[in-house]
Amino acid sequence: MSIPAKIPPRKNQIRMIFAQERSRPPAASQVHPTSRRLTSIGIFLTALMVSFPLTTTNVAAEETYTWSADSNPKEGVPKGTVTQHEFSNSKIFEGTRRRYSVYVPAQYDGTKPAALMVFQDGHTFEGPGGDFRLPTVFDNLIAAGDIPVTIAVMVDPGHKGELPPKRGWKPTPSNRAFEYDTVSGDYAEFLLTELLPEIQEQYKITDNPDLRAICGNSSGGICAFSVAWFRPDSFRKVMSHIGSFVNIRGGHHYPAMIRKTDPKPIRVFLQDGSGDLDNSHGNWPLANQQMAAALAFQEYDCKFVYGEGGHNGKHGGSIFPDSLRWLWRGWKELTP
């Protein structure tokens, strides 16, 4: 049984809500409002946490993580296009090849710059099925005016040698951990100086960092945070699902780095679940709670949605439309 913990308000009046999130309806996870800076933190807190591992997924909870209407095609909504590409000319990650896809909304006509959102492990986002269903969700939210006209770049990690016959996890991309889990600005430089210029030859994309977002799951989540952390001049919106803020390649240092570094102008969305991983690299639920607490301490614009799922995209996918609405709120006040 969870016991709500009361924390004395800091001078900035940010308070964390410690509460176990039960099974939720399809639309979202009903996060608890806190302050203007930290919209919500739901953290599973129990006295048994020390005694019992958090690796067992709550199957009953995951079965309730279903998709809302925004994740399904709607009649009359213009449909964007998705094109497939390969990239093999990296100097930063020399010897790698990768696939990526580009979603272009129907509303894009090239007369003014589009917003940008980059997704790591792009094959998990690009299809009409799966957990995230990005093309359908973007079609619906752009048509509704909930997010700007946005070009989405869904890029896979690098393979050494020849690419496999199709995108996916088999075989695991050999350069993934090096690119995604390393705490450095190298991946940001790869995007900004190598991959994105190739895409910008075809499409007009904004240079306004407040209209540039980046997203990923697991190691892709910490990678997304690293891009904005090291290059807030180019990306200022982060979405991380089940982020690997653990000691794979030093990511466990981020909470301390956040606390000891002057705040950066980035907005951060975090999602995790009590059934996430606990292994030799670290404990994912605790690591994400530490990230949320550090961001709150420094008064970042942050939202943390905490459920009961495991290391997968079920929870993140079910709330994806609402997460995008939160991340892109206020976009109409920005200049492309």
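The protein chain has nine helices and 13 strands; helices (H or I, at least four residues) and strands (E, at least two) are DSSP runs, numbered from the N terminus. Of its 336 residues, 56% count as buried, where buried means under 20% relative accessible area, exposed over 50% and partly exposed in between (1.4 Å probe, protein chains only). The accessible surface comes to about 14,400 Å², and 53% of that belongs to carbon and sulfur atoms; the areas come from the Shrake-Rupley method with a 1.4 Å probe, and for residues only the protein chains shown count as cover. Among contacts (heavy atoms within 4.5 Å) between residues at least 6 apart in sequence, 78% join residues at least 24 apart.

How confident is the prediction? The average pLDDT, which is the predictor's confidence in each residue from 0 to 100, is 86 for the protein chain, and 82% of the residues score at least 70. Over residues 1–56, though, the pLDDT is below 50, even if this stretch has 120 contacts in the model beyond near neighbours in sequence. Where pLDDT is low, the predicted coordinates should not be read in detail.

Back to the strands. E10 (residues 267–273) and E13 run as a parallel pair over seven bridges; two strands pair if DSSP finds at least two bridges between them. Strand E13 (residues 301–307) is largely enclosed by the rest of the structure, because seven of its seven residues are buried. In a regular strand the side chains alternate between the two faces of the sheet. Here both faces of E13 are covered, with Asp-301, Lys-303, Val-305 and Gly-307 on one side and Cys-302, Phe-304 and Tyr-306 on the other.

Helix H9 is mostly covered too, with seven of its nine residues buried, among them Phe-320, Leu-324 and Trp-326. Arg-267 lies over the face of Trp-326, at 5.9 Å from the ring centre. After H9 comes Gly-330, with a positive phi near 85°.

Aromatic rings turn up together quite a bit: the structure holds 20 aromatic pairs. Phe-125 and Phe-132 make a tilted one, 4.6 Å centre to centre with 40° between the planes. Rings of Phe, Tyr and Trp (its six-membered ring) pair if their centres lie within 6.5 Å; planes under 30 degrees apart count as stacked, over 60 as edge-to-face and the rest as tilted. Phe-125 is buried, at a relative accessible area of 0%, and Phe-132 is buried at 2%. Phe-125 also forms a tilted pair with Phe-320, 6.4 Å centre to centre and 50° between the planes. That pair links distant parts of the chain, from the loop between E5 and H2 to helix H9 (residues 320–328), 195 residues apart. Elsewhere, ring pairs link Phe-87, Phe-93, Phe-178, Tyr-180, Tyr-187 and Phe-190 into a cluster.

Leu-192 lies in helix H4 (residues 186–200) and is buried, with a relative accessible area of 16%. Leaving aside neighbours within four places in sequence, its contacts are Pro-197, Arg-212, Arg-231, Ser-234 and Phe-235. The C-alpha atoms of Leu-192 and Ser-234 are separated by 8.2 Å, although the two are 42 residues apart along the chain.

Most residues other than glycine have a negative phi, and most peptide bonds are trans. Arg-133, however, has a positive phi of about 50°; this residue is in the loop between strand E5 (115–120) and helix H2 (134–144) and counts as buried at 12% relative accessibility. Ser-218 has a positive phi near 60° and is found in the loop between strand E8 (212–217) and helix H5 (219–230). A cis peptide bond joins Lys-170 and Pro-171, with omega about -10°.

Terms used
Residues numbered from 1 in each chain as written. Predicted model: local features only at pLDDT ≥ 70, side-chain atom pairs only at ≥ 80, totals over all residues. Heavy atoms only, no water. Lys NZ or Arg CZ within 6 Å of the ring centre and 35° of its normal.
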